Amino acid sequence: MLVGSYPMSVDSKARVTLPAMFRKEMCEGDSKTIYLVPMKESVEGFTPAGFEAWIDSLFKKEGEGYDSRSRKDVLLRRSLTSRAVPVDIDSAGRVALGKLDASKPGTREKYGLTGDVTIIGATDHFEVWNTEKWNEQQAAVDDELEELMFG
């Protein structure tokens with residue numbers, strides 16, 4: 001399980017080092033490939049199996065799965081799979097965030113992933129946030145935490 005938050009810096013080659021605990025969880029056998037998926041405020045990182053399970057979970061409604069005849073299902077799956085960027089965790093435990101820009105120029109700048117970042121564990125995947133945005137988001141949630149838990 002991926003938990004915690006870790007301040008990191010993006011290096012001059014647009015790479016960020018994953019926390020050691022995350023590297024162990026993210027490597028499946030000999031495979032060191034993960035999928036980076038830009039979402040609304042962060043970039044999420046999944047193992048290939050985790051990404052597939054996440055996609056499948058979005059279509060589980062009333063015991064049914066993905067419906068290729070549903071325009072909404074087709075658009076959602078296409079949008080998510082087309083934005084996923086496969087990257088390898090290198091021998092030093094780094095992930096090349098620059099590959100996000102190769103897929104869609106300006107992605108790192110849009111998300112503020114050019115300097116200080118925070119990598120957080122989100123149970124079955126990790127998220128890479130601009131540190132300033134992460135701190136703002138956490139400050140807002142701190143005031144609501146008990147309500148979210150018990151409300």
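Mentor: Start with the elements. Helices (H or I, at least four residues) and strands (E, at least two) are DSSP runs, numbered from the N terminus. T123 is found in the loop between strand 7 and strand 8. This is a predicted model: local features need pLDDT of at least 70, side-chain atom pairs count only at pLDDT 80 or more, and totals for chains, interfaces and linings use all residues. Residues are numbered from 1 along each chain as its sequence is written, and side-chain values use heavy atoms, with hydrogens and water left out.

Trainee: What makes T123 stand out in the hairpin of strand 7 and strand 8?

Mentor: Its phi. T123 has a positive phi of about 70° although it is not a glycine. Most residues other than glycine have a negative phi. The hairpin has four residues between the strands.

Trainee: How do you know that strand 7 and strand 8 pair?

Mentor: Pairing needs at least two bridges found by DSSP between two strands. Five bridges join strand 7 to strand 8, and they run antiparallel. G121 stands opposite F126 in strand 8. Strand 1 is also joined to strand 7 by five bridges, again antiparallel. There, S9 has D116 as its bridge partner.

Trainee: Why is strand 7 called largely enclosed?

Mentor: Because five of its six residues are buried. Buried means under 20% relative accessible area, exposed over 50%, partly exposed in between (1.4 Å probe, protein chains only).

Trainee: Why is A14 called buried?

Mentor: Its relative accessible area is 8%. The cut-off is under 20%, so A14 counts as buried. A14 lies in the loop between strand 1 (5–9) and strand 2 (15–17). A14 also has a positive phi, about 65°, without being a glycine.

Trainee: Why is L148 called exposed?

Mentor: L148 has 57% relative accessibility. Exposed means over 50%, so L148 qualifies. L148 lies in helix 7 (residues 145–150).

Trainee: What makes a set of residues a nonpolar core?

Mentor: They are buried Ala, Val, Leu, Ile, Met, Phe, Trp, Tyr and Cys residues joined through side-chain atoms within 4.5 Å. The largest has 21 residues, and I34, L36, L97 and F126 have the most contacts inside it. Strand 7 (116–121) and strand 8 (126–130) are among the elements that each supply at least two of its residues. A second, separate core of eight residues includes V37, F46, W54 and A84.

Trainee: Which residues does L36 touch beyond its neighbours within four places in sequence?

Mentor: Contact means heavy atoms within 4.5 Å. The partners of L36 include V43, V85, L97, L100 and F126.
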